[in-house]
Amino acid sequence: MTERPTFYITTPIYYASGNLHIGHTYSTVVCDAIARYKRMQGYDVFYLTGTDEHGQKVEDKAKAEGKTPKQFVDELVGGIKDLWKLMDISYTKFIRTTDYYHEKAVQYIFNRLYEKGDIYKSKYSGKYCKACEAFWTESQLVDGCCPDCGRPVEVAEEESYFFRLSKYAPRLRKLLTETDFLQPQSRVNEMVNNFIDKGLQDLAVSRSTFKWGVPVPFDDGHVIYVWIDALSNYITALGYGGEDDANFKKYWPADVHVVGKEIVRFHSIIWPAILMALDVPLPKKVFGHGWIKLGGQKMGKSTGNVVDPYILAGRYGVDALRYFLLSEMPFGADGDYSNELLLKKINYDLVNDFGNLVKRTLAMSRQYFGGKVSAAGEGTDADGELISMINGLLAATDADMDGLTVNKALDDIFALVRRANKYIDENAPWTLAKDESRKPRLMRVMYNLLEAIRVASTLLLPFFNVGPKKALGALGVGLPDSFDGAKYGAVSEYTTTETETIYPRLDINKELKELEEISRAAEAKAQPAKEETMQMITIDDFCKLDLRVAEVIACERVEKSEKLLKETLKVGEEIRTVCSGIAKYYTPEEMVGKKVVLVANLPPRKMCGIESQGMLLCAEKDGKVVLLSPESDIDSGAVIG
Ligand code: MSP
């Protein structure tokens, strides 16, 4: 038996730091469609996806939730795997950067680079973006902020190991300008002009300010920079640096790394440089796709502007969401998501075009021929265009998929679907059926339509999970596992059966209202988390607070209130009255004599008829409330800040 050619495709590995949205789903669904298409073309496909689980962001988030980093990522990874199951993703392997074999192999890689002299120890002082875990030079900043995420950067100094990235600049320049390594071409100019030609600096590849990472094998105080850890996944998943590297030998170099445009830099500069240093062949291609935007804005886990793929796929089916993602985004460019666009595409393309073609044709085949339709019958010149579209479709989609223009492949398939619908109207089978002498012509018309449906459905299989399978089932031809039969005449007889509606029609206005309600509820739910993590203040904002030490000199319960205590406070020479909602936690007697922290410059506010002139600071957790006090004695009126 001859060996099948291999095809290795990867998604980026997703940060295990929050729930995924339809933007992430896009990268994965695109790769899935390509992987399935290649399998049907006869390739031995290895499709890799996974999760990027180390780094300061994860450590911080886990801490905020009172979990260990491992507990935190384990919970998220479960949800991510569920999402890929729901979206019918056919990955070969799911790698986690916390997998033991990966961590060991990353240490092996780091060691090799160190032994080769491509990693050395030095001191770093620069601008650091905590969110992206990246150091930037002054010239790389955009308006003084991180060029990737736009957040403010901080000055940081760290002892660090460095990778000699600068040494590889000439080879990288050649790779990007003289080969097709990076696509689309527009991304090449960006990389060369903005990074290589501005002067590549050596890269800090270890961190000593947090612990959640793969330890540098020969220096306990450092963990390996998360991007070195993450990028290595593409080879460690195949066994590189481990005990069994058979898959590495078989599938590497990757045919394509599909990545979003904001991480093209890591994949087209840092990753090839590391591989060059390791003497490992380079991947054949890096493809930088665009972003799905919401009203022109980037969706992000931290903007609160997230569209939940669970909800959309749950409500409208996997095919609908896959179809939207695959068809609406011109591959390589940005696209926009809106509820309305999604719903219209479902009704127009899936329901009206594909669903209707199948439903009408099957119903007629049963009505006129009891479901038994064959190639016998009378063909005419009028069939030529439809037949040549059927026969030309595979070559067209092959070319589209070779160019990774997945949306064009879908356009081509739907062009055949629409042509077939038009063919029904042109040939008016209902008129032919009235005339017994036209039966042979009617038979051929039905046969041609069934052939169009069969070929279109076969080619749709890599993209969709439900519709084409139902259609092929009703045609009685079984599920093909290759495109061999994707041509006119490959099936000469059909016995069709009735099929349930493939895609139900949506009431767009009703759905729009319901989706709006769902997204409003989701935003309201996300609000507290957003405030905790996102609302940064400046030091000037902080200085606006007048915080003082105050002494409670008298205290009583407020009548008619279960919650409130009324305190009389001495603040230096001043006496103030403050009401606090702490009656459940402190008795008036316990309060008297305490030194507490008062926010002294809040506007007075009436509470149960009493004017409260400020607020006492308390800490709260799990229903427990305690007052804040100075750590040792100090006069009331002392300024806090
Ligand atoms: N962990 C890194 C990748 C390491 S790969 C060695 C990372 N993770 S991510 O979770 O932030 O993003 C993963 C992918 O999702 C990226 O390709 C990114 O572009 C993609 N998307 C995230 N939001 C997106 C959109 N709104 N639209 C399209 N893709 C987007 O980066």
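1. Tyr15, Ser17, His54, Gly55, Lys57, Val58, Ala131, Glu133 and Val226 line the largest cavity. A lining residue has an atom within 4 Å of a cavity point; a cavity is a set of points on a 1 Å grid, over the protein atoms alone, where a 1.4 Å probe fits but cannot get out.

2. The model is predicted: local features need pLDDT of at least 70, side-chain atom pairs count only at pLDDT 80 or more, and totals for chains, interfaces and linings use all residues. Residues are numbered from 1 along each chain as its sequence is written, and side-chain values use heavy atoms, with hydrogens and water left out.

3. The structure has one cavity of 30 Å³ or more. The volume of the largest cavity is about 50 Å³, taken as the space filled by probe spheres set on the points. Its lining residues are four nonpolar, three polar and two charged. Here Asp, Glu, Lys and Arg count as charged; Ala, Val, Leu, Ile, Met, Phe, Trp, Tyr, Cys and Pro as nonpolar; the others, Gly among them, as polar.

4. Strand 1 covers residues 6-10, and four of its five residues are buried (under 20% relative accessible area, 1.4 Å probe, protein chains only). Strands are DSSP E runs of at least two residues, numbered from the N terminus.

5. Strand 1 pairs in the parallel sense with strand 3 (residues 44-52) over five bridges. Pairing needs at least two DSSP bridges. Strand 1 also pairs in the parallel sense with strand 13 (residues 256-260), over two bridges. Ile9 stands opposite Tyr47 in strand 3 and opposite Val256 in strand 13.

6. An open sheet of three strands runs in the order 10-12-11, with antiparallel pairing. Strand 10 (206-207) and strand 11 (215-216) are its edges, each pairing on one side only. Ser206 stands opposite Ile224 in strand 12.

Key: 1 Å grid on protein atoms, 1.4 Å probe; cavity = no way out; pocket = protein on both sides within 12 Å on 5 of 7 lines; lining within 4 Å. Buried < 20%, exposed > 50% of the residue type's maximum accessible area, 1.4 Å probe, protein only.
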